[in-house]
Amino acid sequence: SYIVGKTGWVVPSKDPLKLANIIEKAITQLRNKNWNKRRYAARLRIKKNFDINKMLKSYNKIWSNIQ
């Protein structure tokens with residue numbers, strides 16, 4: 001849920017009915033004009049928070065503090 005944030009949906013594990021409902025909801029929204037906004041927001045969130053260079057810097061900082 002942390003990775004997805006408010007840009008998508010999170011389904012509890014071991015709940016296939018909710019998963020099916022969310023997949024159906026996502027498919028119906030593909031035709032919605034806001035789909036591209038949602039997709040763009042998700043991409044920006046991933047780029048901002050989970051960029052490989054940012055992750056490497058974070059790991060290096062943690063490892064430097066441990067030594």
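**Reading the aromatic pairs**

Tutor: In this predicted model, Trp35 is buried, with a relative accessible area of 19%.

Student: Which cut-off makes a residue buried?

Tutor: Buried means under 20% relative accessible area, so Trp35 at 19% falls in that class.

Student: How many aromatic pairs does the structure hold?

Tutor: There are two aromatic pairs. In one of them, the ring centres of Tyr2 and Phe50 are 5.7 Å apart and the planes stand at 85°, so this pair is edge-to-face.

Student: Which parts does the pair of Tyr2 and Phe50 tie together?

Tutor: Tyr2 belongs to the segment before α1 (16-29), and Phe50 to helix α2 (residues 35-50); the pair therefore ties together parts 48 residues apart in sequence. Tyr2 counts as exposed, at 58% relative accessibility, while Phe50 counts as partly exposed, at 23%.

Student: Are the rings of Trp9 and Trp35 stacked or edge-to-face?

Tutor: Look at the angle between the planes: under 30 degrees counts as stacked. For Trp9 and Trp35 the planes are at 20° and the centres 6.4 Å apart, so the pair is stacked. Trp9 lies in the segment before α1 and Trp35 in helix α2, so this pair ties together parts 26 residues apart in sequence. Trp9 counts as partly exposed, at 24% relative accessibility.

Student: Which charged ends sit over the rings of Trp9 and Tyr2?

Tutor: Over the ring of Trp9 sits the charged end of Arg38, 4.3 Å from the ring centre. The ring of Tyr2 has the charged end of Arg45 over it, 5.5 Å from its centre.

Terms used:
Residues numbered from 1 in each chain as written. Predicted model: local features only at pLDDT ≥ 70, side-chain atom pairs only at ≥ 80, totals over all residues. Heavy atoms only, no water. Phe/Tyr/Trp six-rings, centres within 6.5 Å; stacked < 30°, edge-to-face > 60°. Helix = DSSP H or I, 4+ residues; strand = E, 2+ residues; numbered from the N terminus. Buried < 20%, exposed > 50% of the residue type's maximum accessible area, 1.4 Å probe, protein only. Lys NZ or Arg CZ within 6 Å of the ring centre and 35° of its normal.
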